[in-house]
Amino acid sequence: MIIPGPFLYALPVIAIAAYFLGCFNGAVIVSKYILRDDIRTHGSGNAGLTNFYRTFGGFLTIVVILCDVLKAVLAIWFAVLAARYMRVDEASVIVLAKYWGALFCLLGHMFPCMFHFKGGKGILSGGTIAIMIDWRIALVVWGGFLVLAVVTKYVSLGSCWAGASFPFATWFVYQDAVLLILSIIIGGLILYMHRANIHRLLTGTENKFSLHKKK
């Protein structure tokens with residue numbers, strides 16, 4: 001991929017905007033400022049949807065979902081608008097803008113500076129990003145995730161599939177080295193955030209997901 005010169009000026013702007021959008025962590029905001037009970041002090045200590053639902057459940061879970069979905073949508077939209085503002089309309093560069101925005105949105109979600117760099121694992125936001133990038137990639141990522149999560153009851157196993165399959169799906173669709181590198185970083189971050197889950201899966205101590213929250 002040949003990156004146009006004007007687009008280089010948009011990269012830091014996209015990175016900063018996407019990162020701070022990613023920092024808007026629904027699980028932390030709802031639990032800490034509405035419920036007055038920080039989710040990171042419960043369960044796995046993760047500021048993500050699964051831990052929030054297991055701990056609190058209820059209608060506010062929908063608020064967490066909307067927050068994580070909306071910030072991913074806004075990050076990708078902003079990346080595309082920034083690229084077009086620089087008068088870059090090539091389809092390949094627009095896709096690059098999406099991947100660049102996706103990377104920093106997930107970094108913000110996983111390591112939010114205003115929440116002591118302790119955030120979520122990026123699955124819901126990452127899944128939303130996959131949909132925003134390309135429906136074929138989303139089909140691979142979401143399809144495998146849903147099958148594994150439903151059949152095994154291990155959400156973490158489906159999440160690991162999502163992270164591991166993302167680079168392969170990216171290469172299959174685009175066959176571009178730059179996008180492949182970015183997708184490997186994104187997928188690697190998701191797997192890294194699930195390293196404790198992977199260990200528990202291998203040792204048979206991972207918790208299965210249930211629609212009934214913990215008492």
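Guide: The buried residues of helix α2 pack against α3 (49–55) and α4 (60–85). This is a predicted model, in which local features need pLDDT of at least 70 and side-chain atom pairs count only at pLDDT 80 or more, while totals for chains, interfaces and linings use all residues. Residues are numbered from 1 along each chain as its sequence is written, and side-chain values use heavy atoms, with hydrogens and water left out.

Some terms come first. Helices (H or I, at least four residues) and strands (E, at least two) are DSSP runs, numbered from the N terminus. Buried means under 20% relative accessible area, exposed over 50%, and partly exposed in between, with a 1.4 Å probe and protein chains only. A contact means heavy atoms within 4.5 Å.

Helix α2 covers residues 26–34, and its buried residues are G26, A27, V28, V30 and S31. At the start of α2, the backbone nitrogen of A27 has a side-chain oxygen of N25 within 3.0 Å. After α2 comes R36, with a positive phi. R36 sits in the loop between α2 and α3, and its phi is near 60° although R36 is not a glycine. Most residues other than glycine have a negative phi. R36 counts as exposed because its relative accessibility is 66%. K153 also has a positive phi, of about 70°, and is not a glycine. The place of K153 is the loop between α7 and α8. With 41% relative accessibility, K153 counts as partly exposed.

A79 lies in α4, and A79 counts as buried because its relative accessibility is 0%. Apart from neighbours within four places in sequence, the contacts of A79 are I14, A97, K98 and G101. A79 and G57 are 22 residues apart along the chain, and their C-alpha atoms are 33 Å apart.

Rolling a probe the size of a water molecule over the atoms shows where empty space is left. The search uses a 1 Å grid over the protein atoms alone: a cavity is a set of points where a 1.4 Å probe fits but cannot get out, a pocket is an open set with protein on both sides within 12 Å along at least five of seven lines, and lining residues have an atom within 4 Å of a point. Grid points are joined across faces, edges and corners, and a volume is the space filled by probe spheres set on the points. For the classes, Ala, Val, Leu, Ile, Met, Phe, Trp, Tyr, Cys and Pro count as nonpolar, Asp, Glu, Lys and Arg as charged, and the others, Gly among them, as polar.

The largest pocket has a volume of about 880 Å³. It is lined by 37 residues, of which L49, T50, N51, V155 and F209 are the closest to its centre. Two or more lining residues come from each of α3, α6, α7, α8 and α10 (195–203). The largest share, six residues, comes from α3. By class, this lining has 13 nonpolar, 17 polar and seven charged residues.

The second largest pocket has a volume of about 280 Å³. Its lining has 15 residues, and the closest to its centre are N46, G119, K121, M193 and R195. α9 and α10 each give at least two residues to this lining, and α10 gives the largest share, four residues.

The whole structure holds one cavity of 30 Å³ or more. The volume of the largest cavity is about 120 Å³. Its lining includes L106, W142, F145 and F166. α6 (123–133), α7 (135–152), α8 (155–174) and α9 (177–193) each supply at least two residues of this lining, and α6 gives the largest share, four. The lining has ten nonpolar, two polar and no charged residues.

Last, the chain as a whole. It has ten helices and zero strands. The radius of gyration (taken over C-alpha atoms) is compared with the globule rule, which is 2.2 Å times the number of residues to the power 0.38. For the chain with its ten helices, the radius of gyration is 17 Å, close to the 17 Å that the rule gives for 215 residues, so the chain is as compact as a globular protein of that length. Buried residues make up 50% of the 215 residues.

Conventions. A polar contact is a pair of N or O atoms within 3.5 Å; within protein, one must be able to donate a hydrogen and the other to accept it, and residues adjacent in sequence count only if both atoms are side-chain atoms.
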